[in-house]
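Work through the exercises below with the model open beside you. Try each task before you read its solution.

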Amino acid sequence: MAAPKEKKRDEEILRETIIKKFNSMKKDKITTSLVDDFGWTFKVFLKKHFNITYEFTHEELLKEIGKTKIKEDLKKRIEALSSFLEEIKYGNLILSKEHFKWMVDEGKNIINLAIMGKEFTEEQKRGKMGDKTAEEKKTTKIKEEEKPEVRGIIKGFFGKLKKNIPKKAPEKQGNKNKV
């Protein structure tokens with residue numbers, strides 16, 4: 001069994017990998033294979049996160065989730081997304097661009113909720129329209145205030161180094177065969 005720190009790091013890698021895959025899907029044209037790819041990726045997440053060791057059906061997933069100790073909201077959201085995927089695959093549901101966008105966003109929200117215990121979107125994390133969040137602005141301001149002091153330290157350090165480095169490397173003593 002992995003140590004708690006290793007497990008946490010593994011879950012973070014899983015989260016980042018799956019979300020990166022989901023983000024790349026948003027850019028593609030919606031096709032049956034893209035929806036299958038989304039379903040497969042979501043299933044991989046569920047298998048890894050809930051330690052399911054077999055290929056499960058929708059009904060089996062519902063049983064497995066029922067056995068776990070997770071928030072009811074998360075259970076319902078996983079069930080809803082799984083049902084939605086089943087309806088697309090075996091039902092008459094025609095997937096629109098809006099449906100697909102919702103599906104990908106919901107998948108990301110479920111993953112964040114399952115691993116991090118909170119749901120957030122990239123827009124909330126970065127701020128609207130890519131603006132920096134208040135915390136990022138504060139960090140940037142601090143870094144900018146430190147720049148002159150750091151520059152002085154760096155110049156002083158490299159200035160001392162430069163003075164101690166000889167201009168020309170000393171020649172080696174010994175046999176010199178000229179051709």
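This is a predicted model: local features need pLDDT of at least 70, side-chain atom pairs count only at pLDDT 80 or more; totals for chains, interfaces and linings use all residues.

Residues are numbered from 1 along each chain as its sequence is written, and side-chain values use heavy atoms, with hydrogens and water left out.

**Exercise 1. The whole chain**

Find how many helices and strands the chain has.

Solution. Start with the definition: helices (H or I, at least four residues) and strands (E, at least two) are DSSP runs, numbered from the N terminus. The chain has seven helices and zero strands. Read from the N terminus, the order is α-α-α-α-α-α-α.

Next, take burial. Buried means under 20% relative accessible area, exposed over 50%, and partly exposed in between (1.4 Å probe, protein chains only). Of the 179 residues in the chain, 28% are buried.

Last, take contacts, meaning heavy atoms within 4.5 Å. Consider the contacts with a separation of 6 or more: residues 24 or more positions apart account for 54% of them.

**Exercise 2. H4 and its partners**

Describe how H4 packs with H2 and with H5.

Solution. Axes are lines fitted to C-alpha atoms, for helices over the stretch in contact, and angles run from 0 to 180 degrees between N-to-C directions. Begin with H2 and H4. They pack at an angle of about 150°, with axes 11 Å apart. H2 contributes Val35, Phe38, Gly39, Phe42 and Leu46, while H4 contributes Ile78, Leu81, Leu85 and Ile88.

Sort these residues by class. Ala, Val, Leu, Ile, Met, Phe, Trp, Tyr, Cys and Pro count as nonpolar, Asp, Glu, Lys and Arg as charged, and the others, Gly among them, as polar. The contact of H2 with H4 has eight nonpolar, one polar and no charged residues.

Go on to helix H5 (residues 97-116). The axes of H4 and H5 come within 10 Å and cross at roughly 150°. Among the contact residues are Asp73 and Arg77 of H4 and Trp102 and Glu106 of H5. The classes here are eleven nonpolar, three polar and three charged.

**Exercise 3. Two glutamates**

Decide whether Glu64 is buried or exposed, then find what Glu86 contacts.

Solution. Glu64 is found in helix H3. It counts as buried because its relative accessibility is 18%. Not counting residues up to four places away in sequence, Glu64 touches Ile52 and Tyr54.

Glu86 is found in helix H4. Glu86 is partly exposed, at a relative accessible area of 29%. Leaving aside neighbours within four places in sequence, Glu86 is in contact with His58 and Gly91. Glu86 and His58 are 28 residues apart along the chain, and their C-alpha atoms are separated by 7.3 Å.
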